[in-house]
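I opened this entry to keep track of what I looked up, chain by chain. The structure goes in first, then my notes.

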Amino acid sequence: MKLTNYDFFGDFRMAGYCGTILRVNLSTSEIKKEELDPDLAKKFVGGRGLGTYFIAKEVDPKADALSEANKLIFATGPLTGSKAPTGGRYMVVTKSPLSGTIASSNSGGFFGAELKKAGYDLVIFEGKSAKPCYLSIKDDAVELCDATEYWGMKVSEATDMLTEASGDSKSRVSIIGPAGEKLSLIASIMNEKYRAAGRSGVGAVMGSKNLKAVVVRGTGSVESADEEKTKAVIKDVLAKIKENAVTSTGLPTYGTAILVNVINETGIYPTRNFQECYTTKADQVSGETLAEKYLVKNTACYGCPIACGRHCRVDGVEGEGPEYETLWAYSTDCGVYDLPAVIKANNLCNDYGLDTISAGATIACAMELVEKGLIKAVELGGTPLEFGSSEAIVEWTRKMGEGEGLGAKMAEGSYRFAESYGAAELSMSVKKLELPAYDPRGVQGYGLNCATTNRGGCHVRGYLIAPEILGLPEGIDRSSTEGKSVWVKGFQDLTAVIDSLGMCLFTSFAIGASEYTDLFNSIVGESWTSDQLMQAGERIWNIERQFNLDAGIEPCEDKLPKRILEEAIPEGPSKGQKSKLGELLGQYYADRGWTEDGIPTPEKLAELELA
Amino acid sequence: MLLEVRLFATFRQGRFKMKEIQLPEGSLLGELLVNLDISKKDVGILLVNGRHSNEDAILNAGDIVAIFPAVGGG
């Protein structure tokens, strides 16, 4: 069955989009199909933008994120499920129970494309089910089903069982594991077993609604407005991806794991909870070693020519990953150089449904608390929790996933955990979201991004590591502040665009705003300039900011952890480097058209049609 | 003069991970690339003692040179 935009509502005039929102009230079991307003689609594009619009409109920013007042949105973009290269991405958008900010958590794999092919741009979950349930979608047949028998099951087993129960082996499953069910604030939502909507505790919101999974089978297809033009644009984009060494060779051969040695050699590789920034042992847990010893094959998401995924086998157990961030969080951040143990911890995170960055970083924080004598041995129940312990990284992950012993407290994330010992400053987080695998003191633009990203300590939302370390699209001096805030704003706005279109950020190593605009125009049937698309990105950034301010997240939270702000990098290739956030933040606010206190001005909101 | 050269990713294939290399005083980084049979156009990141550098840089005794092809990730 080929679905067009006119099947449900004859007035919808944009291709790419389905034109339909599925709204599911878990309290009343009511399921409704609503038209997607094309003007909204144009303003907020899709995915992250559109999902954020609805959360900002329908959820009280001060609501308890784990209450029935919060909503959970699975949001695809207009290019999700289309022929656009890497058009397989979707966003889970909600208010984060971890950080209290707006949260949008991105995932790849195949689930998003399947949802589009079933005929839905967005699925909005409201309220709370009285009993564990899951949503079954088979094209236009949508029903809530009892999930009692699956509640408590880990991701892998439950995915297999739900796929079988659907009666169609091609069904795709987006699901929480025990961590989300137990409301771990660092719980993820997983699809295809190993792809994660990882950050911000989105899995806990799903668990708080007694929603175990969304199982979808879609037999439609995503039409382009202009098939000929789309073919030509895609040919050009694919050629650029093939020509670019990162997307054609680097990523498929070594995955994101290739960054271990890069980041370490520049001396910004956080070690032992950011106490140091360099290790002589990086190669033991590097992408090169992973490929050499444990890689079975690389894997790809829907429509992706890059194929950076790692399918690994250790001790007879197979799984996907680890990615660079995971490798770092569980190895160097914890002082562990045992690659099999790291892979096992990664697999546990996937099966329990835990964010690997937050989980590993929380263990690292806990290890420093032990090192400083703040956690007593009696609390550990006989499980080691010191830097360098392979047993610790595996066993504490399991305990966090199970909510067992001290693991239950750790499952709330490093900020609340450290705060409970009177040492909140030992949580290496921003807005309570754990910082990823780069020391901001050695990369000033990246540091500014971490301090200002709306969901908290995040690297992907403004990946300044690309120009400052990797030299892409061009090399810029990582220590300088000159013009840096303009770069940060540009990366942040473009990322908001890509996240809203439904494509993978890794395409940005090979293409830029003009190619994304061409793809959007040819598939959706518009004639936007790239300035218009970038303005949509800026608009999305500002509604996120506004939600945060309304939620009580004040501009004074645009900062970095105390250690990062006050201390210099102690040794290694970047020894002596310090954060220059103080020199950058004011200029960033000005470049964003905000007041010097970091508030979007009425003029800026009017310019973005948000007034 | 003696330098430490570290190679990564695909540059290790057919070469080495880490080696001490003897070069004439005042050699340029570009000359080291020729010595290693690494084509300039294949290079993504060139570091000398952890700082970004280029093929015109003059090398000094005891320098640690790290050479990467084009790499990316997240």
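**Chain A, overview**

I started with the secondary structure of chain A and found 24 helices and 17 strands. I noted at once that this is a predicted model. Next I checked overall dimensions. The C-alpha atoms of chain A fill a box of roughly 65 × 55 × 45 Å along the principal axes. For 611 residues, a compact globule would have a radius of gyration near 25 Å, and the 22 Å of chain A agrees with that. I then looked at burial: 62% of the 611 residues of chain A count as buried. I also looked at contacts in chain A with a separation of 6 or more. Residues 24 or more positions apart account for 70% of them.

**Domains of chain A**

I looked up the division of chain A next. Domain 1 covers 20-217, domain 2 covers 268-433, and domain 3 is written as 439-509 + 529-607. I followed up domain 1 and domain 3 of chain A. Their C-alpha centres lie 27 Å apart. In the contact between them, 37 residues of domain 1 of chain A meet 24 residues of domain 3 of chain A.

Which elements of domain 1 supply that side? I listed helix H1 (38-44), helix H2 (47-58), E4 and E5 of chain A, each with at least two residues. H2(A) gives the most, with seven residues. I sorted this side of domain 1 by class as well: 14 residues are nonpolar, 18 are polar and five are charged.

**The six-stranded sheet**

I turned to a sheet in chain A. It is open, has six strands in the order E2-E1-E6-E3-E4-E5, and its pairing is mixed. Strand E2 (30-35) and strand E5 (102-107) of chain A are at the edges; each has a single partner strand, so one side of each lacks a neighbour in the sheet. On average, neighbouring strands of this sheet are turned by 15 degrees against each other, direction ignored.

I traced E1(A) to both of its partners. On one side, E1(A) and E2(A) pair in the antiparallel sense over six bridges. There, A:Leu22 stands opposite A:Lys33 in E2(A). The two strands form a hairpin with four residues between them, and A:Ser29 in the turn has a positive phi of about 65 degrees.

I wrote down two partners in E6(A): A:Val123 for A:Leu22, and A:Ile124 for A:Arg23.

**Helix H3 of chain A**

I wanted to see what packs on this sheet. Helix H3 (residues 111-118) of chain A does, touching strand E3 (72-76) and strand E4 (90-95) of chain A. The direction of H3(A) makes about 85 degrees with that of E3(A).

Is H3(A) enclosed or left open by the rest of the structure? Eight of its eight residues are buried, so H3(A) is largely enclosed. The buried residues include A:Glu114, A:Lys116 and A:Lys117, along with A:Phe111 and A:Leu115. I checked what covers them. The cover includes E3 and E4, and also strand E7 (133-138), strand E9 (172-175), strand E10 (189-191) and strand E12 (211-217) of chain A. A:Gly119 follows H3(A) and has a positive phi, near 110 degrees.

**Chain B**

I moved to chain B and found one helix and five strands. From the N terminus on, I read them as β-β-α-β-β-β. The radius of gyration of chain B is 11 Å, close to the 11 Å of the globule rule for 74 residues, so chain B is as compact as a globular protein of that length. Its C-alpha atoms fill a box of roughly 35 × 25 × 20 Å along the principal axes. Of the 74 residues of chain B, 35% count as buried. For contacts in chain B with a separation of 6 or more, 58% come from residues 24 or more positions apart.

**Where the chains meet**

Last, I looked up the contact between the chains. It takes 18 residues from chain B and 29 residues from chain A. On the chain B side, strand E3 (43-48) and strand E5 (64-69) are the elements that give two or more residues. By class, I noted nine nonpolar, eight polar and one charged residue on that side of chain B.

Methods: Residues are numbered from 1 along each chain as its sequence is written. Chains are lettered from A and ligands numbered from 1 in the order in which they are written. This is a predicted model: local features need pLDDT of at least 70, side-chain atom pairs count only at pLDDT 80 or more; totals for chains, interfaces and linings use all residues. Two residues are in contact if their C-beta atoms, placed from the backbone, lie within 7 Å. Ala, Val, Leu, Ile, Met, Phe, Trp, Tyr, Cys and Pro count as nonpolar, Asp, Glu, Lys and Arg as charged, and the others, Gly among them, as polar. Two strands pair if DSSP finds at least two bridges between them. Axes are lines fitted to C-alpha atoms, for helices over the stretch in contact, and angles run from 0 to 180 degrees between N-to-C directions. Domain bounds come from an automatic or database domain assignment. The radius of gyration is taken over C-alpha atoms; the globule rule is 2.2 Å times the number of residues to the power 0.38. A residue is buried if 20 or more other C-beta atoms lie within 10 Å of its own, exposed if 12 or fewer, and partly exposed in between; C-beta atoms are placed from the backbone.
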